[in-house]
Amino acid sequence: MGAADIVRSELISTVKRSSIAQNGKRIFKSSNQDALKDEDGNIIGWLWNAAGRFLGIVGNVFKLIGVGFATLWGLFVSTVQYVYNFNWNVTDTEIDNQIKATWNTLGGLLGGTLGNAFGYLACGVVPGALIFAFNEPLGAYLLKNVSEEFAEELVGNMTNLINYTFRAAVQSLILWGFKNLRKFIKARAELIGRIFGANAEKIVRAWGSQGSKPWSFAKAVDDAVESIPNEFVKNFVEEFLEEAWDGCVEAGYVIANSLDSWVLQQKVAQQQNLVLGKQRYVEIQPDRSNNRERIILAGPQEPLKTTIVQTLSNYQLMDNKDVGTLIGMPADDYLRAKPQSVRLVITFYSVKQPPWNNPNGILTRATYSVPDVKRSKLDWQTIKTACGGVNGYMWGRFRATGILSNGRQMQVLGASGAEAEERLIALLTLSEATLIKKPTISEDRGEDNQGRYLKQATRIYPAFFTIMNQYKVPGARGSGAPLNDGLYKRKFERLALWTEQKPINFEESIQELMRRPGAEQT
């Protein structure tokens with residue numbers, strides 16, 4: 001098919017245009033070309049539609065530039081003040097002059113804003129860019145300082161320009177709408193005269209005429225206040241009206257600023273939720289065999305992940321470490337007896353499982369040191385049985401003191417003398433030392449301010465034990481503790497007794513603790 005065979009009416013573009021337009025023609029309308037009446041010939045409807053379109057445009061602009069509640073309240077206050085002081089007898093010529101003067105002022109502000117921006121660009125940014133081409137550090141420094149000042153000036157000028165533009169637009173809309181509404185009413189003066197009388201018709205026809213006496217709400221209120229004969233009442237009313245308006249405006253700004261702050265906080269919170277995640281609460285059980293020990297963490301989701309890992313790492317790092325056991329050893333062992341190579345330090349608590357605290361009362365702790373422990377007795381079940389097993393034993397104010405064959409003493413507290421002696425004998429089965437004579441029983445009668453014994457009968461349970469192992473190592477300075485005739489290297493580790501089962505790698509731990517370093521240098 002040749003070009004001569006093409007029919008224009010059958011072209012796809014023509015068919016498509018005909019389906020979406022009237023007679024194949026698309027008509028574009030501008031609000032500036034609208035008639036002063038709607039389709040029904042009603043100017044009120046036209047004004048309503050025009051105001052709706054204007055408010056829609058204003059709303060989109062506000063959303064674009066991020067105008068806050070404080071700005072809207074300021075616009076509302078200025079509009080109310082303008083209407084309150086507006087001369088309702090103003091002539092059409094004066095209205096046109098006011099609108100023209102308003103937009104002429106806007107031209108000056110716009111020119112000033114653009115001129116300031118051009119000056120900064122021409123005399124600040126461009127020279128800085130040229131210097132940057134030859135000297136990058138100096139150019140970057142100059143551009144940084146100029147850009148900061150330029151941004152500050154531009155933001156300030158743009159803010160003033162936008163605020164004035166909105167106020168000018170609202171005031172011009174009021175003037176323009178008032179002018180057309182008055183024209184609409186005056187065109188129907190004859191009808192108004194028929195309804196309300198000849199005087200009403202005269203008033204309508206004279207409305208806004210040249211030489212009319214000015215009238216405004218502000219003038220009417222002032223005349224009413226000034227007409228009050230009583231000076232006291234007049235001063236009261238005058239000050240009341242003035243302060244009421246000032247208080248309302250100030251309170252409105254407080255509310256508006258508070259709303260802006262609240263919206264900003266919500267936006268920041270949303271951004272934090274996007275970056276950091278929502279607020280989470282996590283309960284961690286580091287040891288699954290211990291339901292009593294739990295750690296509760298709270299915070300944003302992403303940082304909380306790192307905190308959980310750190311918490312578990314710290315728990316593993318500090319597990320079975322007890323600095324207090326190393327520092328708080330009985331002083332008698334250092335002062336009188338010879339240094340012992342291996343000793344067993346057992347700790348009891350009045351709670352069965354960690355954490356070692358008692359939310360319902362006072363936590364009771366007891367620590368006993370078994371000297372010269374037998375290597376054959378270093379069995380987990382044997383040690384736990386000597387401590388009273390799962391149920392522990394009754395601790396109290398009675399003390400059993402035994403003199404041992406290695407020149408040492410050992411003391412155990414119990415709820416009764418028999419209980420204390422029985423536990424002392426049971427613990428000594430773990431030691432190479434033996435009792436020289438029957439233990440001595442004494443009673444601690446210390447009382448509190450209410451007359452009760454300080455050491456009340458309490459059931460305590462085996463919590464953990466520590467093996468203290470030390471050997472003489474020649475030349476091991478810095479790693480040992482000075483004793484009687486040399487330096488000694490110490491080994492220690494804390495092994496749990498509160499668990500129902502023997503800890504994992506228990507035998508390997510005991511073997512390592514009992515290994516002699518020989519002449520190892522450290």
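1. N505 is partly exposed, with a relative accessible area of 48%; here buried means under 20% relative accessible area, exposed over 50%, and partly exposed in between, computed with a 1.4 Å probe on protein chains only. The residue N505 belongs to the loop between β12 (494–496) and α15 (506–514), where helices (H or I, at least four residues) and strands (E, at least two) are DSSP runs, numbered from the N terminus. Although N505 is not a glycine, its phi is positive, at about 60 degrees.

2. This is a predicted model, in which local features need pLDDT of at least 70 and side-chain atom pairs count only at pLDDT 80 or more, while totals for chains, interfaces and linings use all residues. Residues are numbered from 1 along each chain as its sequence is written, and side-chain values use heavy atoms, with hydrogens and water left out.

3. On the overall content, the secondary structure of the protein comes to 15 helices and twelve strands. Of its 522 residues, 30% count as buried. Contact means heavy atoms within 4.5 Å; among contacts between residues at least 6 apart in sequence, 65% join residues at least 24 apart.

4. Two further backbone features deserve attention. Most residues other than glycine have a negative phi, and most peptide bonds are trans. D372, a residue other than glycine, has a positive phi near 45 degrees. D372 is placed in the loop between β4 and α13 (380–386) and is partly exposed, at 23% relative accessible area. A cis peptide bond joins P354 and P355, with omega about 5 degrees, and P355 lies in the loop between β3 and β4.

5. Helix α3 covers residues 69–84. The expected span of a helix is 1.5 Å times one less than its number of residues; for the 16 residues of α3 this gives 22 Å, and the end C-alpha atoms are 22 Å apart, which agrees. The buried residues in α3 include A70, W73, G74 and L75, and V77, S78, T79 and Y82 are buried in α3 as well.

6. Helix α4 has 43 residues, 92–134, and should span 63 Å at 1.5 Å a residue. Its end C-alpha atoms are 63 Å apart, in agreement with that expectation. What feature is centred on L121 in α4? There is a kink of about 35 degrees at that point, the bend at a residue being the angle between axes fitted to the seven residues ending there and the seven starting there.

7. The buried residues of α4 are I95, I99, T102, L106, T113, A117, G124 and G128. What covers them includes α5 (136–186). K179 is placed in helix α5 and counts as buried, at 17% relative accessibility. Leaving aside its neighbours within four places in sequence, K179 is in contact with D92, I95 and D96.

8. The axes of helix α8 (residues 217–226) and helix α9 (residues 231–276) come within 9 Å and cross at roughly 155 degrees. Axes are lines fitted to C-alpha atoms, for helices over the stretch in contact, and angles run from 0 to 180 degrees between N-to-C directions. The helices α8 and α9 are therefore roughly antiparallel to each other, a term used for angles over 145 degrees. At their meeting, V221, V225 and E226 in α8 touch K234, V237, E238 and L241 in α9.

9. T347 is found in strand β3 (residues 342–349). At 1% relative accessibility, T347 counts as buried. Not counting residues up to four places away in sequence, T347 touches R365, A366, T367, Y461, P462, A463 and F464.

10. V370 is found in strand β4 (residues 365–371). Is V370 buried or exposed? At 0% relative accessibility, V370 counts as buried. V370 and I346 are 24 residues apart in sequence and 7.9 Å apart in space, C-alpha to C-alpha. Not counting residues up to four places away in sequence, V370 touches R343, L344, I346, M410, L427, L430 and S431.

11. A final point concerns cysteines. A disulfide is a covalent bond between the sulfur atoms of two cysteines. The structure holds zero disulfides, with a disulfide taken as a pair of cysteine sulfur atoms within 2.5 Å. C248 is partly exposed, with a relative accessible area of 41%, whereas C387 is buried, with a relative accessible area of 0%.

Terms used. Parallel < 35°, antiparallel > 145°, perpendicular 65-115°, else oblique.
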